[in-house]
Amino acid sequence: QSFSQLLDYLQKHKNESGIIYCFSRRQVEELTYNLQLEGYKALPYHAGIENDTRKLNQEKFIKDDVNIIVATTAFGMGINKPDVRFVIHYDLPQSLEGYYQETGRAGRDGLPAECILFFSYADKAKIEYFIHQKESPEEREVATFQLRQMLNFAEARTCRRHVLLQYFGEIYPKETCASCDNCANPVNTF
């Protein structure tokens, strides 16, 4: 139900700027098309788009001619749009490093912003398929480790800031951050 959940979220954030990350070019194109059908000003961004069109789409986003960029991880390097109010990962990112970098594009103006991660175990299988396509055993090992860490983050029932900072070798000094989903709305476990 990720598309209907996405529409519910976007309805509440209609005129705000945001980035939606997808795993594949095909998914970027499909999601952009479906959002446009729903009346959203959205444009695609991925390495398969002609360079001039890609630059134009990026420029339209920066100048607020469109609110939403639907992109692969190719989007965002060197982008300094301060008023991005949300970053949504429509699929599980392949690594915590990538996730951290991409979520860092939200709220650069110091105002509140949200980062949402849609997660399904089908994402795990999709990423594992691509890991098995790698020829180098070392690359497969690194990618498997990165996937395991990303799954630990997605499945965490504790403070996500703790999990994220711990991955980078840092310690969060407070017991809870009060802003991640697990701290703001603790899940009852049994």
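Reply: Five helices and strands stand out in the lining of the largest pocket: H4, S5, H6, H7 and helix H8 (181–184) each supply at least two residues. The model is a predicted one. The largest pocket holds about 910 Å³ of space. Its lining counts 25 residues, and Tyr 99, Cys 115, Arg 160, Ser 179 and Cys 180 lie nearest the centre. By class, 15 residues of this lining are nonpolar, four are polar and six are charged.

Now take H4, one of the contributors. Helix H4 spans residues 96–103, and Leu 96, Gly 98, Tyr 99, Glu 102 and Thr 103 are buried there. Seen down the axis of H4, these buried residues fall within an arc of 160°, so they line one face of the helix. They pack against strands S1 (17–21), S4 (84–89) and S5 (114–117), and against helices H6 (137–155) and H7 (160–167).

The second largest pocket holds about 370 Å³. Its lining has 17 residues, with Ser 2, Gln 5, Leu 117, Phe 118 and Phe 119 nearest the centre. H1 gives the most, five residues. This lining divides into eight nonpolar, four polar and five charged residues.

The structure holds one cavity of 30 Å³ or more. The largest cavity has a volume of about 30 Å³. Ile 19, Phe 61, Phe 75, Ile 79, Lys 81, Val 84, Arg 105 and Arg 108 line it. Five of these lining residues are nonpolar, none polar and three charged.

Technical notes: Residues numbered from 1 in each chain as written. Predicted model: local features only at pLDDT ≥ 70, side-chain atom pairs only at ≥ 80, totals over all residues. Heavy atoms only, no water. Buried < 20%, exposed > 50% of the residue type's maximum accessible area, 1.4 Å probe, protein only. Helix = DSSP H or I, 4+ residues; strand = E, 2+ residues; numbered from the N terminus. Arc of directions from axis to C-beta. Contact = heavy atoms within 4.5 Å. 1 Å grid on protein atoms, 1.4 Å probe; cavity = no way out; pocket = protein on both sides within 12 Å on 5 of 7 lines; lining within 4 Å. Points joined across faces, edges and corners; volume = space filled by probe spheres on them. Nonpolar A, V, L, I, M, F, W, Y, C, P; charged D, E, K, R; others polar.
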